[in-house]
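The following exercises are to be worked through with the sequence and the model at hand. Each task is followed by a stepwise solution.

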Amino acid sequence: VSTQSTGLTSCFVSHCNVMKSTLALCLLAFAILVVSQPSKPQWPLQFDSPFGLNIVYLGVKNATSHFYYNWDQVQAQVVDYKEHCFPLTHWNAVFYPCKLYFNPKGIFFSQPTNNIDCCTFVAGVGSVPPNFLAGFTYQDNQTALDYSGTSHQCNHWYGDGDFGYWTDAKTGDDVQFQDGPTGVHWNFGNFNVAPQSPSLFDLPPGNCSKPCSFLEKPTTHKAKARLAKSQNLASMLDLVEDPFFRLALKRIRGAPQHKKTNKKTNNNKIVLSN
């Protein structure tokens, strides 16, 4: 009996040691995993930055654009597309410059060169908060190009809906933002972390409270027939929105350092097929 008891005790002790070793290895692996997860950078409360708009399937490459942000004073942002607007269900928007105004009351669209002074694009969807990566998870380390074409080693972040974001692995600077399903992405320039006058975010002249007419459903037989004829184009363009509009909308639905200035060298090109 004594021999059997000693054997059982020895077996039990050996089993416990194996379990302790396994637990220790698991804890070590978990600690390594936690340490390897980079911290999520946050935006400054006020800044502005140039960026390049890229729409691959339309041939728009690095089109000059600018982003303005003031969170602590007015909780607003302005996206200024200086050459080509982002694609809309409004079929010819991409041929003209445009601006998007984000504030607590909604998102507003302005394109005077296309006879649209100001209108409500989406009501009740405001600016993206400084913790813009709150709904993203770290994926891996990749290279990405900024506005000037400079390559960066980046932390690659993924968000539901195929959003992608690339931040510099060393500095945390924004490098690239991609709206996955649409082929639209931004390549950021240098952040100018400086006060942004609240007047920059004032809505332009016009009846901004009126919904944008190009978002209204057709009511006449002729308008409905025209929409049906272009259904393929319309169904595609319905998915193609400004990336930050989609990010702000996703946040609502889901309740979710300085650089040197570089000169842009890429040429802009736009090709649309009939």
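Two strands pair if DSSP finds at least two bridges between them. Strands (E, at least two residues) and helices (H or I, at least four) are DSSP runs, numbered from the N terminus. The model is predicted, so local features need pLDDT of at least 70 and side-chain atom pairs count only at pLDDT 80 or more, while totals for chains, interfaces and linings use all residues. Residues are numbered from 1 along each chain as its sequence is written, and side-chain values use heavy atoms, with hydrogens and water left out.

**Exercise 1. Determine the strand order of the open sheet and explain why β6 and β7 each have a side without a neighbour in the sheet.**

Step 1. The open sheet has 11 strands, paired antiparallel in the order β6-β5-β4-β3-β2-β1-β11-β10-β9-β8-β7.

Step 2. β6 and β7 stand at the edges with a single partner strand each; therefore one side of each has no neighbour in the sheet.

Step 3. S65 has Y81 in β3 as its bridge partner.

**Exercise 2. Classify the ring pair of W43 and F67, then that of F132 and Y165.**

Step 1. Rings of Phe, Tyr and Trp (its six-membered ring) pair if their centres lie within 6.5 Å; planes under 30 degrees apart count as stacked, over 60 as edge-to-face and the rest as tilted. This rule gives 28 aromatic pairs.

Step 2. The ring centres of W43 and F67 are 5.6 Å apart and the planes stand at 55 degrees, so this pair is tilted. Because W43 lies in the loop between α1 (2-36) and β1 (46-55) and F67 in strand β2, the pair ties together parts that are 24 residues apart in sequence. W43 is buried at 4% relative accessibility, and F67 is buried at 0%.

Step 3. For F132 and Y165, the centres are 4.9 Å apart and the planes at 50 degrees, so the pair is tilted. This pair links distant parts of the chain, 33 residues apart: F132 is in the loop between β6 and β7, and Y165 is in strand β9 (residues 163-168). F132 is buried, with 4% relative accessible area, and Y165 is buried at 0%.

Conventions: Buried means under 20% relative accessible area, exposed over 50%, partly exposed in between (1.4 Å probe, protein chains only).
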